[in-house]
Amino acid sequence: MSKNGPLALAYHTLFVTFMLAPILVVCWVAFTPEGFLSFPTDNWSLRWFYAIARYPEFVSAFWRSLWLGALSSAIAVAVSVPAALAIARYRFPGREAMTTLFMSPLMIPHIVLGIAFLRFFTQIGLGGTFVGLVLAHIVIVLPFALRLTLASAIGLDRAIEHAAVSLGASEWVVLRRITLPLVLPGLASGWALAFINSFDEVTMTVFIAAPGTETLPVRMFLYIQDNIDPLVTSVSACVIAITVAALVVMDRAYGLEKLLVGRGVDGR
Amino acid sequence: MGAVAVRAAPYLLSLPALLLFAGVVVAPLVMTVLLSFHDWGQYKGIEPVFILKNWKEVLTDSYFHEMFWRTFRIAFFVTLLAALFGAPEAYILNRMRSPWRGLFLLVILGPLLISVVARTLGWALLFGGNSGLVNKALMSAGLISAPLPFMFTETGVVVALAHVLMPYMVLAVWAALQRLDPQIENAAVALGAGPFTVLRRIVLPQVMPGILSGAIIVFALAASAFATPAIIGGRRLKVASTLAYDEFLNTLNWPLGAAVAVLLLVALVAIVVGASRLVERRYAQVFG
């Protein structure tokens, strides 16, 4: 493979600058000592990070996002595992249609899902509730959980299970001692990817969250709609720091490329 | 296990997911389509009747025409920028050596997982008025003589959205490049082809399916994007998603908002399915 020339490297530098600039700028402004938006040059201050603690809406929204992400991702994984086993191991009428249905939240714009959930939850009396948020988030993160559980279910060596059965293990023991431990890495990364997607979701959630059930991105979005001040940059800087930390861990543990490119049945 | 049990097994295994999707995806979507045919009035609220009023308004009113035209124009330019800049970067990335390759892949794909609100906030800060950093950089580079307006303009929305969706394009082209056989490139060089001929005649035709599938993803996501156009475009520069949001949470005319959303969904599904078919048919002949 040939090397990149100086022109290619110059282009690459510009491109990386473009990708990182808005993220770095947010973190930079967050350290301003001033009461207004400015780029600190010689004076740095943590005052806007301390200020987050005095704004309980952000703090409670953060914890809510954390719980919502953890819970909905766990349920999405739990629902995905049997479905992934069915899709990976059986050939049955409706298999393709079912897979398409489970992957459809990736295809349907979140703005449409948000509207549909708002109408639906208002009608059945779950409007603005945490239960509604969990149900909606399970559905939108399920494709990510399913994609990774499916990849590990397809990659599973059935000979190990057959060996266990021939040694006298019952079906339940095979599932608990052989199948689940083998697909566990896939489940863990599926949960992690689902969690990040739930934690970042704003477009759909903005429709179904009420003032008492706002998630962190929704609170940030609504705050920015009114005004942009250093407080929202310090909150964003914290979110960025948490995401980057999770990203590095996931990259070390599983490989970001594999996580994002995936290897589902339909190649998505 | 009996034969019936074996035949029922996959359905039983998928039952939880199927029930969930029937209840929480299919039912709400059907209800939204029905909602778009309901009537609405300032004082009477939503009336569950079956009329075509909202659809007539959305399909004939020039305000909606302009708004949908703007939505798809923005999506088109975002796709164009992503393809133009993302595809070469994926190629450069693919030619890098081991530690750099992984590192920069992480740097470029990583933003995909960072909150879109935080990324858009970054662009709002960079654009910020006439003294924004982007204008300062462009002016000191001699590219422009007077500050360009980015905030609350289509240009600003396009640039920010191109940034937000760029990783999808790089990812799609990257995936296509992984399937490329480097021996073909080497063969072309051995036969005397220059670097540009290799790019144009060997690499580009082979990664074209990747660029096109990336373009379809980016277009669909750009046309339905919400947070970025809402923050950068502000309240006046309306696209389909921000208009639907307004109808639902400010005007409270839910049936009209539902009609806008359903129309956006139908248009996008038609465009995505149509484009995918075209790409598949075009490249089925090439790759068999």
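Here is a short chat about two chains of a predicted model and how they touch.

Me: What should I know about the numbering and the model?
Reply: Residues count from 1 along each chain as its sequence is written, and chains are lettered from A in the order in which they are written. As the model is predicted, local features need pLDDT of at least 70 and side-chain atom pairs count only at pLDDT 80 or more, while totals for chains, interfaces and linings use all residues.

Me: What makes a residue part of the contact of chain A and chain B?
Reply: Two residues are in contact if their C-beta atoms, placed from the backbone, lie within 7 Å. The contact takes in 67 residues from chain A and 63 residues from chain B.

Me: Why are α5(A) and α11(B) called roughly parallel?
Reply: Angles under 35 degrees count as roughly parallel. The axes (lines fitted to C-alpha atoms over the stretch in contact, with angles from 0 to 180 degrees between N-to-C directions) cross at roughly 15° and come within 10 Å. Therefore α5(A) and α11(B) are roughly parallel to each other.

Me: Which residues meet there?
Reply: From α5(A), Ile111(A), Ile115(A) and Leu118(A) meet Ser241(B), Ala244(B) and Phe248(B) of α11(B).

Me: How many helices and strands does chain B have?
Reply: Chain B has 12 helices and two strands, taken as DSSP runs (H or I, at least four residues, for helices; E, at least two, for strands).

Key:
Parallel < 35°, antiparallel > 145°, perpendicular 65-115°, else oblique.
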